[in-house]
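I opened the notebook to look up how the chains of this model meet. The entries below follow the order in which I looked.

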Amino acid sequence: MSPYWILVVILLPMITGALLPILDFKEEEDRGKRQLFVAIPVILNTILVYALILHKPVGDLTLVHLTKDLSISFRMDGLSAVFAGLVAGLWPLSTCYAFEYIRHEGKENKFFAFYTMTYGVTLGIALSANVVTMYLFYELLTLVTVPLVMHAMDKRSIRAGLKYLAYSIGGAAIAFTGVMILMNSGDPSMTFYYGGSVTESAYLANPTLVQVGYLLCFFGFGVKAAIFPFHEWLPAVSVAPTPVTALLHAVAVVKAGAFAILRITFYSFGPGILLGTPAQGIAMAFAMITIVFGSVMALKEQHFKRRLAYSTVSNLSYIIFGATLMTPYGFLGALCHMLFHGIMKITLFFCAGSVLVQTGREYVHELEGLGKKMKLTFFAFTVGSLALVGLPLLCGFISKWKLGTAAASAGTTFAFVGILALLISAVLTCGYTMPIVIRAYLPREGFDESQNETAKDPGLYMTVPVLILCAAMLYFGMHSGPICDALFAVAAGLI
Amino acid sequence: MNAGFLFVLPVIIPVIAGLLVYFRPEYREEAKRVAFVRIMLCVTAAFVFLIDLLPEAGLHLFSLTPELPVLFQSDGMAKIFITLVAVMWLASGFFSFEYMKHEENHQRYYLFFLCSFGVLVGLGLSANYLTMYMFYELMTLLTMPLVLHSGKKEAVQAAFKYLFYSVFGALMGLLGFFFIYNYGTTITFTAGGVLDMAKVAGHENKLLAVVFLVVLGFGTKAGMFPLHAWLPTAHPVAPAPASAVLSGVITKAGILGVVRVIYYLIGPDFIRGTWVQYAWLGLALATVFMGSMMAYKEKVLKKRLAYSTVSQVSYVMFGLAVLNQAAFIGAILHVVFHSFIKDVLFLAAGAIIYKTGRTNVTELKGIGKEMPIVMWCFALASLGLVGIPPLAGFVSKWYLAVGSLESGVPFFNWFGPVILLASALLTAGYLLTIVIDAFFPGSDFPMDTLTKKEPSYYMTVPLIALTFFIVWLGLFPGGLYSMIESFAASVF
Amino acid sequence: MELVQNFPLLSIIIMTSCGAICTLLKGKAAKWYCLVCLAATLALNLFAFFYTLQNGAYVYYMGRWSAPWGNEIKVGVIEALLASAFAFVMILSVLGGLEHILEDVESTKVNLYFVMIAFLMLTLLILVYTNDIFTAYVFVEINTIASCALVMMRYKPGKTLVATTKYMIMSLLGSSLFLFAVCILYNITGHLLMEPMGQEVRRLYAEGQYLFPLTVAIAFMGVGLSIKGALFPFHTWLPDAHGSATTTSSAVLSGLVLKGYIFLLIKIYCRVIGLDVLAGDHMPDVLFLFGAAAMVIGSVRAMQQTDLKRLLAYSSISQVGYIFVGLGLGTEAGIAAAIVQILAHAVTKPMLFCAAGGFMNVSGGSRKLQDMTGAGRRDPLSGAAFLVGVFSMIGIPLFAGFTTKLTLTQAALGHGSVKCVLALIVIIVSTVLNALYYIPTVSTLFSARNDLTPYRNRYAHYHVPYVAAMVLFMIVNICVGTLAGPLLEAIYAGLPSLGM
Amino acid sequence: MDQLFVNYVQAAAVIIYGIGFFTLFFNPNMIKKIIGFDMMDSGIFLFLTAQGFLYGGHDPIVDPELVGAQNYINPLPTGLVLTGIVVGVSVSAFMLALTVRLYYRYHTLNLDEIIRLARKEED
Amino acid sequence: MNSQENKHKLQLFVDWVNGDNMPEEEYSLGEPVFEEEKAAKEPGASPWNRFHAWVEANGRASVKKVYPVICVLLCLSFLSLLLVLVAHLPSFGELANPGFNEVQQVYIENVVEDTGAVNAVSGIILNYRGYDTLNEAHVLFVAVAAVTVLLRIDRHKGTSMDVVYEKEESDQRYEPHHDPILRKTTKILVPFILLFGLYIMMNGHLSPGGGFSGGAIAGAGLILFLMAFGFKKIERFFGEKVYQIVRVGALLIYTVLMTYFILMGANQLANGIPLGEPGALFSAGIILPINLVVGLEVACTMYGLFAFFRKGGL
């Protein structure tokens, strides 16, 4: 297929998003029309993305030349195929979920406008061919997601939105400085080559500057990937409606941060240069701290969605830990976890959303005995948590397995400590997910059934995506052969 | 037509049975349910015994990723373990038909009881690290509700504690899995170890640290010292048959894990004479002694038995840690004997609680008169545990002592047996006192006022059967010994 | 001497005559005549720009006599580019704020308003082109009077008069310091034209003669023009002046007038004094520190404002800080970054002010942000323009602000010393602060609670000039953002003529 | 320091400039400020003309007999002063007009008072 | 105290070994402590608020006390800086000063044959650096425009510029009361003043003076006439319309002349304006007409400024 399709894939959702407020569907009456108007482009776009992934267009598509070297250009290479595939796969499901969820939130037009636009922007990040394009879509992502976070427009969500905005813009600014250092050392057009565009001579000329540049990029993009010092915005943002939290903060926004770090590490600065340098040490240390810190905070958190948000903070640092190993196997582990964590976490958030919609309960200790009443939701939640803990038959184990072996083969003591961090976090994950499952299914002695009289499973729109995701988890857990080979080809830079 | 496909049946049947019991409405009333469970238990046990008889075979079920297949095989160790599991589940199953009368939500109990049966058989039969780890995790998740069964506050807290300790232990195992996959040639269990010395060259001490952590990880299940705290809280709160199975068999899963990793993956000579071996020995002995001390001090009967499990299972760990054939055989023998004895003790305790509701040791004066059969089995089992010659306990302790003395480990070869003896005395201290109080309560006790409260035959038959085994194995250990010795030789 | 080379002078003469003629005409006629003259100036300067792009800079004698005797203007690539940019932005600002001019200024004095606009344009042209520092002084004075007049032309004076007085006093102080510096320089070098004076200064510096007067002259020049260019410590007059003036005046003042003075400072520092002599006196470090302080404190103060125009005024102070940081780096790349920021800010800030004007129309003439909630929905065109302005301020790629950030960071990195680290930190902090006060403003402007405000049904009815101005503003902003390549090449080509 | 006595005219000019500067800053009255500005201007013009002076120099009306630039004073500074004076006049006129308008509105010439009244009026 | 601590630690260790101590309430059923709902921080007390309170209370008073001191110190330091500067300047009146370089030489030696003017200063400001003086006129023009904006009251147009104006309106139209002495003297003096002003303008290129000084004198004459005979009389020959035309016309003529001169000069073309022989009245090329035009311009400006301040109109 010709590379122009990439442009179509990015612009189609953005145009649909832009058109929505103009068409101005009424809130209640033509909800059906609006759903059609949103569903068709999203599904079409997903098909297009997968078509693009299957037969990759050759060469880059340059839209406009900013300066002599900097240009806005797109390309579909291995890594972008993985991220685009993940996003394209999960977006229709979550839009379907959102159709019903938003009914009780209101202001649907504005919601779906920004929601679909985010789809295009995330694909923009995935398919960009150089750092400047990625940076452009990275900033747009912040601006497009802030209204989504502020959707409820009450005091709490506005404050959360502003906190999110401050962190993101700050992070982008820090990353920008790092990108500039990258621009100076090595190929100024900063297009992505597997193995990095920083030349050996540029590195030897001023090694500390390049390392500082890498760390700036790492922490700049790390803000979106919720690395330790900059993670506060993620739990605060859980006040947003669930499809927003589920999709954005389990899949699109945070994964964009992780994806950017992967791009920077393997395609801009290049692992060859950074391996064994103090920069790698610092980056890995912070990743490890976040892994443990995220899980500890999740354990302490009583609010359901904030607990899942903290769990995302910790799981994201699995990906970044994989990236900072700077070996093809580490990259493979990171990619696996990016894919599987996306699926797992979005299921958990959907279940949290269903509980919120059906019973309006937000705290963990209020979920007593719901297991019997909301059978499907909690079945999905159990499967999701078991996967998250790393039970072998489910996909969580595969990504932990890849990360673990990668760290073991990396051989440095840092990597060894990294594995310990991974395992401690796994125990803590069990600590904050299992009590919910146990509490739901095995209520305690003095529990009276009357509380959950009204609770029942939500409508079809919400349960079907959740079940599809469970099936996906099981399928990838049992039969992850082909996926892992494809990902290894990407990690080794073959496609 | 190799016996391979047979392996799947004993694993799948109980799980399906459990689900049926839980979901099918007709199993709500008592009679239908008991009948169905009884049949299922017998069928599974039959398959297990069939696998025992057939020659060694393997089965490749499916593979998660190309390098992670799910394999089953029935080698010597596996055969012993699954037979033990089958016998214990039969005994506890029959016992629980009666015992559950005064508990509620039976269906849930049987669901987890049967599922864990299948999972444990799977664990025994697993042929590589991945399958073992998978079933190990499933076992934790499925046995935890058994601990949680009563729903009381301390039961729930104990269950959580059990869950976290076990998951932590399992994940230490996973840590070992990463390194073995990395430094070993294959992850399938092959006697004598799979380490590829070329790759290991530079990283000895790191690998030793990993091995030590793995031992600690699986050690949690076996209640070894640093991570033993969950065992004394979890076992007593579970219903009696569940705690019997928990103490008797599930702790042995930890032992199986250690055996598989040390003897079938790392290889004993890699850690012979290193600090790992000494640390392991030290911890085992500490647990042995500490367990007995605590048991001696404990007043509640089930807690006392739980402490005794802690110390007895550490006998086995000590035997494995000595790393020579005799001690290994002694350890495996002790695994079998301890399961039988501890099962009897817990079932007896369960019967006492079921019939008289008395849990404290001091209240058991004169119980011998009220429940003669139960107490006779209790007495015989206690004697076996102490290690009096004709009964089973003596044989394993004998080989343990001999193995450790021959082993040539600098300090521990003499210090070990001394601790074992001291602990045996303490065991006598905390068990035989109960037996004496039960039968000879002393002159002032109104023996005649007691009425006979013998439990129904559902309870007494398993007790008697198990006690018979204890006595029979104590007298004729030869068959069992030769069976263990055959695969023990291949390992060393 | 081809015909094209006369074009800059012709544009100057047109503007002078336009000033004179407008006093006779009535309001409406004066408006059209002024716009025609501005268009002519734009065209002529564009021709001059393309000519200098091919054939390089040239010197044009204002009168028969060559350098040290007669007066002259130097037409380089950067000068022509800035002149045409200023003319273009002036036209757009006048068109953008036309309704407000007719509304705010008394009907009989509208023609005088356009006289002031004409003279302001004249002074900007000369400040950009002149090669003689005394002519520069004269035009600095005309500029002061014209800009003060523009500020005070409000129907209901009161606040604007006080603001004009404060502005006037500070500006006069600045220009008297500037005159003093000119006298000192003339005293020690004997020349008034920049090239010969530059050689003299270098000779003096080499021989080590009159070093102290030279430093004092540099200091007075710097302080004088910083006062007029509203650098941080001397910025107190700017918020009142720009906050209370009509839309076009505040747009023109913050967008162009500040830049005129700063470009004059750059020219004098580069041509007359030379960067190496300057470095010796540590003047760039002082400017750098004040620029950095301006960037941060300007934004912090802007966060506390509730009045939209004062908020934009404070943000101008921080943007001016960017220019002085560029200048303070003291390298060629730094100067280029400063010029790019001059252009980018000249294109962005007037658009924001005109959009603010549009919002005021739609919110019953009040400047308070509370009254403007939902104004973006009621007046979508100004809303879109404001959004583009905000994107450019934050530095999103494809918009003008990004080019500045790009070049300034490159310049800072090229420098590679403690100043570089400080510059990077300040840029990051300033970007975050910018976002912190622009995005909430945008969120209040576009907030859905539009129905709560008393002006909910007051929708904008657009006039042709306003629409044209806004659309052209947006296009230019995006062009500067995307066509950064050729722009930077032109600037680097023009730098040698600036005296580097 | 002796150079100060040699350049006594420039010293005087600079002192006038200083005094003008002081009056501008010191008293809040508008008229005094304008007077301060004028003093500063005159100080600078004196400073400028002093530069063009030459001992024994003839006034710059070129008469044919007296040939040679060395016996004429430098005409350029005087030309500049002419321009400066005109600028001074126009600026003072504008400032005075402003003061008149301020007086009509606030009935005071004290700038601090005016600012206070304006701020009170504003909110 | 630490013995008590040790006992506590020992107890903890024993509990741990003992293994049967219950983990403290893991999931507190207490009221959820959710950051956002925590009680909002109560105002005051924080140092920042106290500082603000102090500023509001006595901010203005303290500034008033401190300001003069700072002002004096600032000006003294500035003055001393200037004096040190003067000490380093080239000495006064020496031929070796940088000012006396080839620029001054050309201005003196070839001013006659270049510009035709005998007075070198006029030559410089009107020919060599002619463009500066063109803009001088414009400065005046802008100043008058600005003052018109401020002070002109268009009563008949009904613009209520400032309600304040209405009260003192009567004073504006107050015509000077009939004062015979003043009228007689002005009748005698005004013609001579205007004539002398014209003379100064005409002889700008021969003797000191020129457009600016001549214009000022003529302006003064007009103002004297106005003071004596009032607005009614002067409007007969010098009303608003005439004033505007003269002012703008003079400026435009000046601009056209200067443009022609510059264009010809820049493109090295002969500009065909005869220089005449030096010393004669009609010599020095464009300097004479420029002086006249500038004189007119300055006269109008002077008169205009006075009229606006006096009556807010002409």
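This is a predicted model: local features need pLDDT of at least 70, side-chain atom pairs count only at pLDDT 80 or more; totals for chains, interfaces and linings use all residues.

Entry 1, chains apart. I looked up chains B and D and found no contact between them; their closest C-alpha atoms lie 64 Å apart.

Residues are numbered from 1 along each chain as its sequence is written, while chains are lettered from A and ligands numbered from 1 in the order in which they are written.

Which chains have the most contacts among the seven pairs that touch? I found that they are chains D and E. Here 49 residues of chain E are in contact with 45 residues of chain D. On the chain E side, the elements that give two or more residues include helix H2 (47–88), helix H6 (130–151) and helix H12 (287–311). I wrote down the helix rule: a helix is a DSSP run of H or I with at least four residues, a strand is a run of E with at least two, and both are numbered from the N terminus. By class, this side of chain E has 36 nonpolar, eight polar and five charged residues. Ala, Val, Leu, Ile, Met, Phe, Trp, Tyr, Cys and Pro count as nonpolar, Asp, Glu, Lys and Arg as charged, and the others, Gly among them, as polar.

I checked H5(E) and found nine of its nine residues buried. Buried means that 20 or more other C-beta atoms lie within 10 Å of the residue's own, with C-beta atoms placed from the backbone. Among the buried residues are Ile124(E), Asn127(E) and Tyr128(E). The buried residues of H5(E) pack against helix H4 (75–106) of chain D, together with H3, H4, H6 and H12 of chain E.

In chain B, E1(B) and E2(B) form a hairpin with two residues between them. The strands run antiparallel and are joined by five bridges. Leu59(B) has Phe72(B) as its bridge partner in E2(B).

Definitions and conventions:
Two residues are in contact if their C-beta atoms, placed from the backbone, lie within 7 Å. A residue is buried if 20 or more other C-beta atoms lie within 10 Å of its own, exposed if 12 or fewer, and partly exposed in between; C-beta atoms are placed from the backbone. Two strands pair if DSSP finds at least two bridges between them.
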